[in-house]
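Reader: I have a model to go through before I set anything up, and I'd like to ask about it piece by piece. Could we start once it is on screen?

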Amino acid sequence: MAVAEEKTSPETTEKSWHGIVLQTLKRNDIRLVPYVPDRVLTPLIKNLHADPFFTTFATAREEEAVGIVSGAWMGGLRSAVLMQTSGFATLANVLASLAIPYQIPLIMFVSERGTLGEFNYGQSLVCRTMRPVLDSLAMEHHTATRLDEFEFIVDRSIKQALTTQAPVALILSPLLTGGKVFDK
């Protein structure tokens, strides 16, 4: 069974990448989580919807999710956004003109496509642009590849974003999530 389709229970959820995200968001009082649907993020999205602590909903585009999170921050609510690498490619303007200059602690979880067996050439091209764009914006970003380091990276990245009021991107490598699985 593919990682993105795993059955989850309280025991397995806490030790999975998506269980770690859910628990770390709770510990940091992040309650609002808009997202753009993504197959790799499905177990996390399902668990967020199932937990009454969170308000979570799908958005049409990543820029919309960033706008919602920005408004929520200005209203005193902590939030995070879930998206895929290809959706990140649409965000340069909203990051450079809203999140960064207005010091919005935008916390982005980005499932990484375009690497490690990717079949879609377009995804590969977009993946190659993500880190250079983040670097050119001087935006903090971390690529998570190992479950044993993941909770530390997520928790500290959230705390830093909130304290410094600066965005952060947490890139979820297929090495961590299992990536998108394609059935033959």
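Reader: What is the relative accessible area of Q103?
Author: Q103 has a relative accessible area of 42% and is therefore partly exposed, where buried means under 20% relative accessible area, exposed means over 50% and partly exposed is in between, with a 1.4 Å probe and protein chains only. Before we go on, this is a predicted model, in which local features need pLDDT of at least 70 and side-chain atom pairs count only at pLDDT 80 or more, while totals for chains, interfaces and linings use all residues. Residues are numbered from 1 along each chain as its sequence is written, and side-chain values use heavy atoms, with hydrogens and water left out.

Reader: Where is Q103, and what is its phi?
Author: Q103 sits in the loop between α6 (92-99) and β4, helices being DSSP runs of H or I with at least four residues and strands runs of E with at least two, numbered from the N terminus. Its phi is positive, about 50 degrees, although Q103 is not a glycine.

Reader: And A138, what about its phi and its place?
Author: A138, which is not a glycine either, has a positive phi of about 55 degrees, and it is found in the loop between α7 and β5 (140-144). With 71% relative accessibility, A138 counts as exposed.

Reader: OK, zooming out: how many helices and strands does the protein have, and what share of residues is buried?
Author: There are 9 helices and 6 strands, and 49% of the 184 residues count as buried. The accessible surface comes to about 8,800 Å², with 54% of that belonging to carbon and sulfur atoms; these areas come from the Shrake-Rupley method with a 1.4 Å probe.

Reader: What fraction of the contacts with a separation of 6 or more is between residues 24 or more positions apart?
Author: Such pairs account for 73% of the contacts in the protein with a separation of 6 or more, a contact meaning heavy atoms within 4.5 Å.

Reader: Back to local detail, then. Is S70 buried or exposed, and what does it touch?
Author: S70 is buried, with a relative accessible area of 2%, and it lies in helix α4 (residues 62-74). If its neighbours within four places in sequence are left aside, S70 is in contact with L98 and I104.

Reader: What about G71, where is it and how far is its C-alpha from that of I104?
Author: G71 is also in helix α4, and it counts as partly exposed at 41% relative accessibility.

Reader: Changing topic: how many salt bridges are counted?
Author: The count comes to 8 salt bridges, each a side-chain nitrogen of Lys or Arg within 4 Å of a carboxyl oxygen of Asp or Glu. One of them joins R131 and E112, at 2.8 Å from N to O.

Reader: Why does that pair tie together parts apart in sequence?
Author: Because R131 lies in helix α7 (residues 121-136) and E112 in the loop between β4 (107-111) and α7, the pair ties together parts that are 19 residues apart in sequence. R131 is partly exposed at 23% relative accessibility, whereas E112 is buried at 9%.

Reader: Which residues are linked in a network of salt bridges?
Author: R146, D148 and E149 are linked that way, and within it the closest N and O atoms of E149 and R146 are 3.4 Å apart. E149 is partly exposed at 33% relative accessibility, and R146 is partly exposed at 42%.
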